[in-house]
Amino acid sequence: MADLKSQTPAQVLDVLGRVCPYPLVLTKKALEKLPSGAVLKILCDAPASAEDSLPRFAQDKGYPFESVKLADSWEIFIQKP
Amino acid sequence: MAEVKIACVIQRPPYKSETSTLGFTHSISFQVVEMLLEDGQNVIPTVCMVGEGVLNLLTNQKAMENYGVTSIESHGKNSLLCDLDILVCREDLVRFGIPEGRLLDAEDMGADKKLQIVPYSEIQKVMESSAHLLFF
């Protein structure tokens with residue numbers, strides 16, 4: 001699997017302070033607008049989104065996914081195939 | 001992937017109930033509901049604001065001041081930020097004397113979408129072409 005964290009993201013989506021379903025909806029919309037191969041970095045502090053809906057969405061779509069847990073939030077990387 | 005069109009018709013005025021808020025939040029959530037479906041269907045929601053429902057779109061709502069709750073204005077703006085199509089009945093705006101300049105937009109949040117003020121006939125076409133209608 002490619003190391004997404006080491007790649008320069010095409011876009012950083014800040015959804016800090018937003019709760020479900022906004023992180024997922026905004027992530028889906030951002031990915032739709034990115035070109036193939038681009039990496040989206042998501043800053044998220046909603047546990048349900050970071051640990052459940054976002055990884056499940058990426059898995060369902062077959063998108064490469066990485067997550068880094070910080071003190072009170074997550075950095076999430078999703079690549080559009 | 002099959003697409004299923006859903007029209008969420010918001011006709012209740014803001015506040016004193018959760019109805020119109022639920023119309024917005026359901027519509028936003030419908031955009032990602034395919035991850036919970038096993039048949040791969042993609043749900044395409046359209047929000048239709050009719051009757052007293054158009055009052056939900058007024059700017060400068062003082063919800064916290066008057067009712068102690070968060071503003072429905074923010075739900076409308078977030079809906080635009082999430083690329084929802086929001087159709088607003090022109091006849092009802094005229095009936096309530098609301099100029100287009102009194103309606104919210106989400107340009108400050110970076111939204112690409114704007115409210116679409118249309119005659120009721122356009123809203124009727126959307127409803128007729130939708131597989132499901134939900135009234136809020």
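The model is predicted.

Start with the overall build of chain B. The chain has 136 residues, and its radius of gyration is 15 Å. A compact globule of that length would come out near 14 Å, so the value for chain B agrees with a compact globule. Along the principal axes, the C-alpha atoms fill a box of roughly 45 × 30 × 30 Å.

Next come the elements. Chain B holds 5 helices and 5 strands. Read from the N terminus, they run β-α-β-α-α-β-α-β-α-β. Contacts reach across the sequence. Take the contacts between residues at least 6 apart: 80% of them join residues at least 24 apart.

Now look at the sheet. Strands of a sheet pair through backbone hydrogen bonds, either parallel or antiparallel. In chain B the pairing is parallel. Which strands form the edges? They are β4 (116–118) and β5 (132–135) of chain B, and each pairs on one side only. From one strand to the next, the twist averages 25°.

Follow β1 of chain B, residues 3–10, to its partner β5(B). The two strands run parallel, and 4 bridges join them. Within β5(B), Phe135(B) stands opposite Val9(B). A helix also covers this part of the fold: α1 of chain B, residues 19–30, packs on the sheet. This helix touches β1, β2 (42–49) and β5 of chain B. The direction of α1(B) makes about 165° with that of β1(B).

Finally, turn to the contact between the chains. How many residues does each chain give? Chain A gives 10 residues and chain B gives 8. On the chain A side, two elements give two or more residues: α1 (22–33) and α2 (47–61) of chain A. Helix α1(A) gives the most, with 6 residues. What is the makeup of this side by class? The side of chain A that touches chain B has 6 nonpolar and 4 charged residues, and no polar ones.

Note on methods
Residues are numbered from 1 along each chain as its sequence is written. Chains are lettered from A and ligands numbered from 1 in the order in which they are written. This is a predicted model: local features need pLDDT of at least 70, side-chain atom pairs count only at pLDDT 80 or more; totals for chains, interfaces and linings use all residues. The radius of gyration is taken over C-alpha atoms; the globule rule is 2.2 Å times the number of residues to the power 0.38. Two residues are in contact if their C-beta atoms, placed from the backbone, lie within 7 Å. Ala, Val, Leu, Ile, Met, Phe, Trp, Tyr, Cys and Pro count as nonpolar, Asp, Glu, Lys and Arg as charged, and the others, Gly among them, as polar. Two strands pair if DSSP finds at least two bridges between them. Axes are lines fitted to C-alpha atoms, for helices over the stretch in contact, and angles run from 0 to 180 degrees between N-to-C directions.
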